[in-house]
Amino acid sequence: MEFEIVFPGGAQVDAHMGGLVVTTDQDGSAPSPFQLFLASMGTCAGIYVVSFCQQRGLPTDNIRIVQRVNHNPMTHMVENVELDIQVPPDFPEQYKAAVIRSAELCAVKKHLENPPTFNVHTSVVNPTLEA
């Protein structure tokens, strides 16, 4: 999988992947990269919750996930992420623990628990090859 990260101007940084573009910036006109990172946790869990409910014929229109991010006041690093899966009163009791287990299958969460290594380097692009 390859992403192309480009700098269209100002504080904007875009990620191109296939036919999709994700826009980020630091001035509030789009999410910051870190906000997208945090949102990826909740939305990934949401994908699993939606799939769980769809497989059982459970409606999802009254289900939501509230994600709370707690920072260490000394380091300002994220210390804890809480995902509160809020279900309607008529949500079947027998599925409450299972819907939590489904959210815990999130691939983003699993990668944070077992992080990849990073290799950052530079390379020189031959401008005649780009044309």
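I took helices (H or I, at least four residues) and strands (E, at least two) as DSSP runs, numbered from the N terminus. On that reading I placed histidine 121 in the loop between α3 and α4 (127-130).

Before going on I noted that this is a predicted model, in which local features need pLDDT of at least 70 and side-chain atom pairs count only at pLDDT 80 or more, while totals for chains, interfaces and linings use all residues. Residues are numbered from 1 along each chain as its sequence is written, and side-chain values use heavy atoms, with hydrogens and water left out.

**Entry: the chain as a whole.** I found 4 helices and 5 strands in the chain, and from the N terminus on I read the order of elements as β-β-β-α-β-β-α-α-α. I looked up the radius of gyration, taken over C-alpha atoms, and found 19 Å for the chain, whereas a compact globule of 131 residues would have a value near 14 Å by the rule of 2.2 Å times the number of residues to the power 0.38. Along the principal axes, the C-alpha atoms fill a box of roughly 65 × 40 × 30 Å. Of the 131 residues, 20% count as buried, where buried means under 20% relative accessible area, exposed over 50%, and partly exposed in between (1.4 Å probe, protein chains only).

**Entry: single residues.** I returned to histidine 121 and asked myself why this residue counts as exposed. Histidine 121 counts as exposed because its relative accessibility is 65%.

I noted a positive phi of about 65° for histidine 76, which is not a glycine. Most residues other than glycine have a negative phi.

Serine 32 sits in the loop between β3 and α1, and I recorded this residue as buried because its relative accessibility is 12%. Leaving aside neighbours within four places in sequence, I found serine 32 in contact (heavy atoms within 4.5 Å) with Thr24, Asp25 and Gln26.

**Entry: pockets.** I used a 1 Å grid over the protein atoms alone and a 1.4 Å probe, a pocket being an open set of points where the probe fits, with protein on both sides within 12 Å along at least five of seven lines, and lining residues having an atom within 4 Å of a point. Grid points are joined across faces, edges and corners, and a volume is the space filled by probe spheres set on the points.

The largest pocket holds about 1,100 Å³ of space. Its lining has 21 residues, and those closest to the centre are Phe3, Ile5, Ala15, Phe37 and Phe118. The elements giving two or more residues to this lining are β2 (12-17), β3 (20-24), α1 (33-55) and α3 (107-113). I sorted the lining into 16 nonpolar, 3 polar and 2 charged residues, with Ala, Val, Leu, Ile, Met, Phe, Trp, Tyr, Cys and Pro as nonpolar, Asp, Glu, Lys and Arg as charged, and the others, Gly among them, as polar.

The second largest pocket has a volume of about 280 Å³. Of the 13 residues that line it, Val81, Leu83, Ala103, Glu104 and Lys109 are the closest to its centre. Two or more lining residues come from each of α1, β5 (78-86), α2 (96-103) and α3. The lining of the second largest pocket divides into 9 nonpolar, no polar and 4 charged residues.
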